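Welcome, and thanks for taking a look at this one. Please have the sequence and the 3D view open side by side as you read.

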Amino acid sequence: MKKSSTLRIGIKVIILSLLMLGCTSLLQDEETDVTDSNSEIESNFLVMTNATDPLIATYMDNDYQVDFWGDRDDNGMPTNINQFDVIDQGDTTIYRLDNIGRPLDIFTQDGTQINFVWHSELKASVTFLSDDGSSQLNTEVDFTKDNFEDKVLNVNKSSRRKITSRIPFINNPNKPIDETKVNISVFQCGVEKDARVRVIVKSEAGLVLGTFPTKRLSSGRYTSSIPSSIAPKINLKDICQSASTALGNVCLANKVNSNLFPKLCLATTAALVESVVGAPVAAKFLAACATAVAGLNVVCIATGSPAPGAPNLKQKLCNSDFLDREYKEDIFVGASALALPNNVLSSFEKVNEGGLLPKLNINFNSQTTIRSLRLSPSSPVAGQDYFAIADIFCLYQGTVGSISVAGSDGYSDQITFSSNSTSLQPQALGEYSLSIPGAESGVRDVVTLIVNLPDGQRVSRTASLIFN
C-alpha cells in the first residue's frame, strides 16, 4: 500500500532530524519565497540548507532512499554531486562519481567492488573485485553496442617473445590539508595507504548521529565536512536552483541512452563466459551488477527528464522540504576504514560546539595485503603489449611472490620477487610488473599473483583478459 504524501514527508523529517542533536528546523520565513513554488507539486526530496553540510539532498520513495553528497561553494551553494548512496531495505550501495556524473566506483553491500576507467563518454574499462579480494574480472564495455556476443577462444600456438620487466613503487605527492574540516590519515606498515573511509559522528551517549563520506587528498589522506552551527544562512530560491543543476548531472544514462547501464550486465555476462572466474564468484558479480543498475535506474528516475507536463527537477526541489542540519551540543568524531573481516576505526575525539575539528589516524594491522593487480590496458587489442602490475603492502623478510601469465595460445611467463627488508621491520610498499607481449585476437591470458608469507600462509589474486 502506498504511503500518503503527508506520511512520507513526516517520515523524511523524523529520520533526518534524529541524525542531529539540538534544534534542526524546517526553514519557513520571509526568505522562502521560492520561484517555481506550487503547493500542488509533490516532491520526494529533502534539501539540506546548512552551508557546511556535504549532504545536498535526500530522495525517498516507497522502496528506496537516495542520499546525494557533494561540494558547495563559499556561499553554501551546491556545485556538484560526487557520491550518492542508494538504500534499499537497509542494504546500501555506494556510487562514487567523476566530475561529469559518471560512476568511478560502486561498492555493494556484500563487499563487491565495480571500478570504471572511462575512455570516452560511452566506453569504459570495468573491473569487478570480489569481497575477499582473491578474484577479479576485467572487461571493456562499449555502451553503443546492443549485443555482446561470446568471442571465439584462440588456442593457436603462440609466437610471442618474452619481454619481462620490473618497475619500482612511486608515491603520490601530498596535498595541503584544510584545517576547517575533519582530516584523516590511514597507515599500514608505517606508511599512508588508500582505503574507503567514512567519518562517524556520535553523541556523548554513544548514539550514531550521522556518517559522512570523505574526499581523497593524496595517498592515505582524506578530508570530510560535517554540518557546522556557525554556517551562513542560505536563500532557498538560490539553493533549489543550484541543487537542481548539480543533481541534474548525475544520470548520464538518462541523457544519452535510457538502456545504457543495463548493457553493463550484458557485457559482464559475456565477459564471465570468457573468464576463469568460478561459478560462485560469477554469481556474486552478476548480482552486484544487477544491484548497481537498479540503483542507477532509481537515481535516473528521480533526477531525469519528466514526462510532458510533469514537474521538472527544479520545481520538485523548490517544493521540497528544507532542513538546516546542525550540531548544538558536544559531539564525538571518529573515522572508519573498510576492511575484512571487520572495519578499522580511529579513536573518537570530543568536539565542543563550534570547536575545531580533529585530525584522526587509522592504523591497519601490519599484515601482507594485495592492494591491487592491474592489467594495463585492461582490454588490449590484438598485438598490443600490456603490463600486469601488482601493488602489495607489508612485505616481511622471507616473503617470496610471483606474477605469472598463461595464454590460451600456450604462451607463459613468470617473474618472482622477494622482500627487500633486512630486519624485523617489513618493507612497507612493493610494486612489481610483468610486461606481457601482445597476442592474436581471441587469445585469453590468465594472470596470477601469489605471495608466499614467511609463516607459510599465502595470499593470491587472479585476473584474466581476452585480446580484442
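The sections below go through disulfides, helices, strands and one tyrosine in turn.

## The model and its disulfides

Please keep in mind that this is a predicted model. A search of the whole structure turns up 3 disulfides. A disulfide is a covalent bond between the sulfur atoms of two cysteines.

Let us begin with Cys-189 and Cys-394, whose sulfur atoms sit 1.4 Å apart. The link of Cys-189 and Cys-394 is right-handed, with 120 degrees about the S-S bond. Cys-189 belongs to the loop between strand S11 (182-188) and strand S12 (191-192), while Cys-394 is in strand S23 (residues 386-395), so this pair ties together parts that are 205 residues apart in sequence. Cys-189 and Cys-394 are both buried.

How far apart are the end C-alpha atoms of helix H2 (residues 236-247)? They are 16 Å apart, and this agrees with the 16 Å that its 12 residues should span at 1.5 Å a residue. The buried residues of H2 are Leu-236, Ile-239, Cys-240, Ser-242, Ala-243, Ser-244, Ala-246 and Leu-247. As background, an α-helix has 3.6 residues a turn, so residues three or four places apart point the same way.

One of those buried residues, Cys-240, is joined by a disulfide to Cys-318, with an S to S distance of 2.0 Å. Cys-240 lies in helix H2 and Cys-318 in helix H6 (residues 313-318), so the pair ties together parts that are 78 residues apart in sequence. The torsion about their S-S bond is about 60 degrees, so the disulfide of Cys-240 and Cys-318 is right-handed. Cys-318 is buried, as is Cys-240.

## Helices H4 and H5

The axes of H4 and H5 come within 9 Å and cross at roughly 170 degrees. That makes H4 roughly antiparallel to H5, because an angle over 145 degrees counts as roughly antiparallel. On the H4 side, the residues in contact are Pro-262, Leu-264, Cys-265, Thr-268, Thr-269 and Leu-272. They meet Ala-282, Phe-285, Leu-286, Cys-289, Ala-290 and Val-293 in H5.

Cys-265 and Cys-289 are joined by a disulfide, S to S 2.3 Å. Cys-265 lies in helix H4 (residues 262-274) and Cys-289 in helix H5 (residues 279-303), so the pair ties together parts that are 24 residues apart in sequence. Is this disulfide left-handed or right-handed? The torsion about the S-S bond of Cys-265 and Cys-289 is about -110 degrees, so the disulfide is left-handed. Cys-265 has a relative accessible area of 17%, so it is buried. Cys-289 is buried too, with a relative accessible area of 0%.

Now for the strands. Strands of a sheet pair through backbone hydrogen bonds, either parallel or antiparallel. Strand S3 (residues 55-60) is mostly covered, with 6 of its 6 residues buried. Strand S2 (residues 45-48) runs antiparallel to S3 and is joined to S3 by 3 bridges. Val-47 has Ala-57 in S3 as its bridge partner, and the hairpin formed by S2 and S3 has 6 residues between the strands.

S3 also pairs with strand S4 (residues 64-72), in the antiparallel sense and over 5 bridges. Here Tyr-59 stands opposite Val-66 in S4. S3 and S4 form a hairpin as well, with 3 residues between them.

## Tyr-64 in strand S4

Strand S4 also holds Tyr-64. Is Tyr-64 buried or partly exposed? Its relative accessibility is 21%, so Tyr-64 counts as partly exposed, since buried means under 20%.

Leaving aside residues up to four places away in sequence, Tyr-64 touches Tyr-59, Val-86, Ile-87, Asp-88, Ala-294 and Val-298. Tyr-64 and Ile-87 are 23 residues apart in sequence, yet their C-alpha atoms are 5.7 Å apart in space.

## An open sheet of four strands

Finally, 4 strands form an open sheet in the order S25-S24-S27-S28, with antiparallel pairing. Strand S25 (412-418) and strand S28 (458-466) are the edge strands, each pairing on one side only. On average, neighbouring strands of this sheet are turned by 10 degrees against each other, direction ignored.

Within this sheet, strand S24 (residues 400-407) runs antiparallel to S25, and 7 bridges join them. Ile-403 stands opposite Ile-415 in S25.

Key:
Residues are numbered from 1 along each chain as its sequence is written. This is a predicted model: local features need pLDDT of at least 70, side-chain atom pairs count only at pLDDT 80 or more; totals for chains, interfaces and linings use all residues. Side-chain values use heavy atoms; hydrogens and water are left out. Helices (H or I, at least four residues) and strands (E, at least two) are DSSP runs, numbered from the N terminus. The expected span of a helix is 1.5 Å times one less than its number of residues. Buried means under 20% relative accessible area, exposed over 50%, partly exposed in between (1.4 Å probe, protein chains only). A disulfide is a pair of cysteine sulfur atoms within 2.5 Å. Two strands pair if DSSP finds at least two bridges between them. Axes are lines fitted to C-alpha atoms, for helices over the stretch in contact, and angles run from 0 to 180 degrees between N-to-C directions. Angles under 35 degrees count as roughly parallel, over 145 as roughly antiparallel, 65 to 115 as roughly perpendicular and the rest as oblique. Contact means heavy atoms within 4.5 Å.
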